Amino acid sequence: MSGERSDSTWQILDESPTVDEYSALIASVEWKPRDVEAIEIALRSSCFDVTARVGDEAVGMGRIVGDGALHFFLCDVVVDPRFQKRGIGRAIVQRLDEWVR
């Protein structure tokens with residue numbers, strides 16, 4: 001399956017958000033701030049990541065973490081509230097699910 005999904009305004013890419021993008025996205029949904037070093041470690045340790053973009057702006061993300069063989073978990077699935085209700089979250093989860101299968 002292709003690593004890119006899109007409509008006329010957004011696209012889902014098989015890439016990690018940057019630390020700054022991750023921080024901005026969790027702030028947009030009012031999750032508690034995370035330590036920059038912890039974010040760096042978490043992103044490096046992911047099995048798979050996707051980032052939703054409108055142009056160059058990260059507007060959503062999702063990650064898969066796990067042991068690499070038996071157990072995988074979807075986490076940090078976030079869509080900036082300004083871009084919710086457009087199918088972006090559904091597309092993020094669908095792409096993560098495709099990767100696991």
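Strands S3 and S4 form a hairpin with two residues between them, and Gly 55 in that turn has a positive phi of about 65 degrees. Strands here are DSSP runs of E with at least two residues, helices are runs of H or I with at least four residues, and both are numbered from the N terminus. The model is a predicted one, in which local features need pLDDT of at least 70 and side-chain atom pairs count only at pLDDT 80 or more, while totals for chains, interfaces and linings use all residues. Residues are numbered from 1 along each chain as its sequence is written, and side-chain values use heavy atoms, with hydrogens and water left out.

Strand S4 itself covers residues 57-66, and seven of its 10 residues are buried, that is, under 20% relative accessible area, where over 50% is exposed and the range in between is partly exposed (1.4 Å probe, protein chains only).

S4 also pairs with S5, residues 72-79, in the antiparallel sense, here over six bridges. Val 65 stands opposite Phe 73 in S5. These two strands form a hairpin with five residues between them, and Gly 68 in the turn has a positive phi of about 85 degrees.

Gly 66 lies in strand S4 and is partly exposed, with a relative accessible area of 38%. Leaving aside neighbours within four places in sequence, Gly 66 is in contact (heavy atoms within 4.5 Å) with Cys 47, His 71 and Phe 72. The C-alpha atoms of Gly 66 and Cys 47 are separated by 6.7 Å, although the two residues are 19 residues apart along the chain.

At the level of the whole chain, there are three helices and five strands, which run β-β-α-α-β-β-β-α from the N terminus on. The C-alpha trace spans about 35 × 35 × 20 Å along its principal axes. The radius of gyration of the protein chain is 13 Å, in agreement with the value near 13 Å for a compact globule of 101 residues; this radius is taken over C-alpha atoms, and the globule rule is 2.2 Å times the number of residues to the power 0.38. Buried residues make up 37% of the 101 residues. Of the contacts with a separation of 6 or more, 55% involve residues 24 or more positions apart.

Terms used
Two strands pair if DSSP finds at least two bridges between them.
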